[in-house]
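Okay, thanks for coming, everyone.

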Amino acid sequence: MKVDNLTLSFWNKIVLNKVSLEIKPGEFVFIIWYSWSGKTSLIRSIIWDFKPASWDIVLDNWGVLYGNFSEKFLRQYRRKIGVIFQDYKLLESKTVYENVAFAMEVCNYKEKDIIKKVPEVLEQVGLLLKKDKFATELSGWEKQRVSIARALVHDPEVIIWDEPTGNLDPKTALNIMEIFEELGRLGKTVIIATHDKNIVDTYKKRVISFKDKKIFSDENPWNYNL
Ligand SMILES: Nc1ncnc2c1ncn2[C@@H]1O[C@H](COP(=O)(O)OP(=O)(O)OP(=O)(O)O)[C@@H](O)[C@H]1O
Ligand SMILES: [Mg+2]
């Protein structure tokens with residue numbers, strides 16, 4: 001995945017200024033930055049959740065996103081990227097199973113594929129027994145795992161995870177490591193936005209840090225060093 005010359009601004013306030021970065025297939029990368037610096041905005045712009053001021057984003061050989069592409073292209077592009085949002089973005093009136101199934105329904109998967117895939121991914125994140133609970137009945141960590149399951153249903157090439165340990169106690173945060181390792185074994189490209197020094201220093205992977213709206217350092221392996 002390649003982000004070329006991305007500039008992002010809100011109401012004329014620049015959040016990112018001419019950022020370019022390249023992440024190879026199968027790489028594991030931490031993006032570290034202070035709160036309110038633009039991590040979530042960077043992720044949202046990668047999946048075209050809003051339109052940055054100027055940009056090109058390339059996902060492997062999938063072509064370049066300029067302003068002009070079809071809805072169909074966007075749908076296919078988004079399926080290649082599974083995002084686990086900081087605020088989970090679950091549908092509260094739906095159960096665990098329905099939340100994950102819904103992600104497939106909106107992409108027009110066949111019913112028989114949904115019935116097969118949803119229990120598989122729920123098992124993978126250890127939530128199969130809670131499949132009939134409503135999103136409102138879950139703890140933060142359970143909600144996060146529904147969000148992981150939902151990101152995995154499309155077998156995406158790239159997983160982007162925003163603040164995996166943001167709301168977790170340090171012990172539960174260690175469970176996250178097991179999930180990282182599993183994703184690595186599956187050969188996924190994993191991009192993690194975080195300000196958790198502990199996980200970055202424990203994991204020792206490529207670390208991209210930002211400062212003054214630009215990339216400040218890009219080292220592999222590296223520590224949390226802001
Ligand atoms: N939709 C929006 N409209 C206007 N300003 C926004 C919008 N989204 C984000 N911003 C601004 O952009 C800046 C970066 O926000 P963002 O949420 O991307 O930061 P972050 O690095 O993810 O922070 P955190 O570590 O707290 O999650 C903030 O100053 C925020 O106020
Ligand atoms: Mg954020």
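Before the packing, one convention: a crossing is called right-handed if the near helix is turned clockwise from the far one by less than a right angle, and left-handed if it is turned anticlockwise. And please keep in mind that this is a predicted model.

So, with that in hand, look at H3 and helix H5, which covers residues 140–152. Their crossing is right-handed. The two axes come within 8 Å and cross at roughly 30°. Angles under 35 degrees count as roughly parallel, so H3 is roughly parallel to H5. Who is touching whom? On the H3 side we have Val-96, Asn-99, Val-100 and Ala-103, and they meet Val-146, Ala-149 and Arg-150 in H5. Sorted by class, that contact of H3 with H5 has five nonpolar residues, one polar and one charged.

Now turn to the other partner. Helix H4, residues 111–124, packs with H3 at an angle of about 130°, and the axes are 10 Å apart. That makes H3 oblique to H4. The handedness here is right-handed too: that is how H3 passes H4. From H3, the contact uses Val-96, Tyr-97, Val-100, Ala-101, Met-104 and Glu-105. From H4, it takes in Asp-113, Ile-114, Ile-115, Lys-117, Val-118, Pro-119, Val-121 and Leu-122. How do the residues of this contact divide by class? You get 11 nonpolar, no polar and three charged. Notice that Val-96 and Val-100 turn up in the contact with H5 and in the contact with H4.

While we're on H3, a word on Glu-98, which sits in that helix. Glu-98 counts as partly exposed, at 37% relative accessibility.

Next, the metal. Which residues coordinate the magnesium ion, ligand 2? Thr-40 does it through OG1 and Gln-86 through OE1, at 2.0 to 2.4 Å. This pair links distant parts of the chain, 46 residues apart: Thr-40 is in helix H1 (residues 39–46), while Gln-86 is in the loop between strand S6 (81–84) and helix H3 (96–105).

Now the backbone. Most residues other than glycine have a negative phi, and most peptide bonds are trans. Here are the spots that go the other way. Lys-18, in strand S2 (residues 13–22), has a positive phi of about 50° although it is not a glycine. Lys-18 is exposed, with a relative accessible area of 55%. Then there's Lys-213, in the loop between strand S9 (206–211) and S10, where phi is near 70°. Lys-213 counts as partly exposed, at 37% relative accessibility. And a cis peptide bond joins Asn-220 and Pro-221, with omega about -10°. You'll find Pro-221 in the segment after strand S10, which is 214–219.

One more lysine and I'm done. Lys-171 is in helix H6, residues 170–185, and counts as exposed at 69% relative accessibility. Lys-171 and Ile-81 are 90 residues apart in sequence, and C-alpha to C-alpha they are 28 Å apart in space.

Okay, over to you.

Notes:
Residues are numbered from 1 along each chain as its sequence is written. Chains are lettered from A and ligands numbered from 1 in the order in which they are written. This is a predicted model: local features need pLDDT of at least 70, side-chain atom pairs count only at pLDDT 80 or more; totals for chains, interfaces and linings use all residues. Side-chain values use heavy atoms; hydrogens and water are left out. Donors are N, O and S atoms within 2.8 Å of the metal (3.2 Å for Na, K and Ca); water is not among the atoms, so sites may look incomplete. Helices (H or I, at least four residues) and strands (E, at least two) are DSSP runs, numbered from the N terminus. Axes are lines fitted to C-alpha atoms, for helices over the stretch in contact, and angles run from 0 to 180 degrees between N-to-C directions. Angles under 35 degrees count as roughly parallel, over 145 as roughly antiparallel, 65 to 115 as roughly perpendicular and the rest as oblique. Contact means heavy atoms within 4.5 Å. Ala, Val, Leu, Ile, Met, Phe, Trp, Tyr, Cys and Pro count as nonpolar, Asp, Glu, Lys and Arg as charged, and the others, Gly among them, as polar. Buried means under 20% relative accessible area, exposed over 50%, partly exposed in between (1.4 Å probe, protein chains only).
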